[in-house]
Amino acid sequence: MINIENLKKIKEEIGQEVKLIAVSKKQPDEKVREILDLGHAILGENYVQNMQKRYEQFSSEPIEWHMIGHLQSNKVKYIAHFVNMIHGVDSYKLLEFINKEALKNNRVIDCLLQVHIAQEESKFGLDESEVRQILDMPDLYTLKNIRLCGFMGMATFTDDMSKVRKEFSYLRKLFDQIKQNYFSQQSCFSEISMGMSDDYQIAVEEGSTMVRIGTAIFGQRTY
Ligand SMILES: *Cc1c(COP(=O)(O)O)cnc(C)c1O
């Protein structure tokens, strides 16, 4: 059973303006069925194979699919026909691949650049200069089958919530600068994907527009 109380609480806390991505990775199909029956059809997965399987399993449902994990270029083709947004883009080359596969499917795929905001070495993502390098690529604007919609970030895994807040706040400020510098004419650069089960409240206070929440809704991951 999913935690319906938490689901309600989270929806109340984040409000109408923030999108809730229910992270169904490593959760049983029954729980996915349950949340769909409750009327929530925005799901996140972090592995291509699992997402593909889920998509086939629930192919009759109008699900909005978010790829939240690190994505390898050679795997894009497996999800390009249905994925709505890719959160973890960390290179120009990957954007080119996504564009190519989206074009083949006659689709436009929304993308977020993953920015490295945590202290830990292990977390993927770009620093500010790398973000600017990508946005300065002259050919970026010829990629018509992707839309750059904003940033994604993951805070350090720590109990120190002041640190987490600083990292989210940094991402928000960087977003504002980049939007002003590169996207002042376009409204599509408007998303900041930050906040998970343990830190979504802080993320929303710091300006998140999308939270990615797994365990607080579905319980501990099982397989
Ligand atoms: C697993 C995952 C989440 C959800 O984490 P919870 O702590 O279960 O809410 C969010 N974002 C990413 C990128 C993840 O891999």
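Trainee: Is Asn106 buried or exposed?
Mentor: Asn106 has a relative accessible area of 71%. Buried means under 20%, exposed over 50%, and partly exposed in between, with a 1.4 Å probe and protein chains only. Therefore Asn106 is exposed.

Trainee: What kind of model is this?
Mentor: Residues are numbered from 1 along each chain as its sequence is written, and side-chain values use heavy atoms, with hydrogens and water left out. Local features need pLDDT of at least 70, side-chain atom pairs count only at pLDDT 80 or more, and totals for chains, interfaces and linings use all residues, since the model is predicted.

Trainee: What is the phi of Asn106?
Mentor: Asn106 sits in the loop between helix H5 (92–104) and strand E5 (109–115). Helices (H or I, at least four residues) and strands (E, at least two) are DSSP runs, numbered from the N terminus. Asn106 is not a glycine, yet its phi is positive, at about 55 degrees.

Trainee: Where is Lys26, which also has a positive phi?
Mentor: Phi of Lys26 is near 55 degrees, and Lys26 is not glycine. Lys26 is partly exposed, because its relative accessible area is 32%. Its place is the loop between E1 and H2.

Trainee: What is the relative accessible area of Ser24?
Mentor: Ser24 lies between strand E1 (19–23) and helix H2 (29–37), in the loop. Beyond neighbours within four places in sequence, its contacts (heavy atoms within 4.5 Å) include Val32, Arg54 and Phe218. Ser24 is buried, because its relative accessible area is 0%.

Trainee: How much of the ligand's accessible area does the protein cover?
Mentor: Residues around the ligand (a heavy atom within 4 Å) include Val23, Lys25, Met152 and Arg221. An oxygen atom of the ligand is 2.7 Å from an N or O atom in the side chain of Lys25. Oxygen of the ligand also lies 2.8 Å from a polar backbone atom of Gly214 and 2.9 Å from one of Thr215. On its own the ligand has 390 Å² of accessible area (Shrake-Rupley, 1.4 Å probe), and the protein covers 91%.

Trainee: Which residue's backbone oxygen does the side chain of Lys179 reach?
Mentor: Lys179 belongs to helix H7 (residues 161–182). Lys179 is partly exposed, because its relative accessible area is 24%. Lys179 and Ser190 are 11 residues apart in sequence, and their C-alpha atoms are 8.1 Å apart. At 2.6 Å, the side chain of Lys179 reaches the backbone oxygen of Phe189.

Terms used
A polar contact is a pair of N or O atoms within 3.5 Å; within protein, one must be able to donate a hydrogen and the other to accept it, and residues adjacent in sequence count only if both atoms are side-chain atoms.
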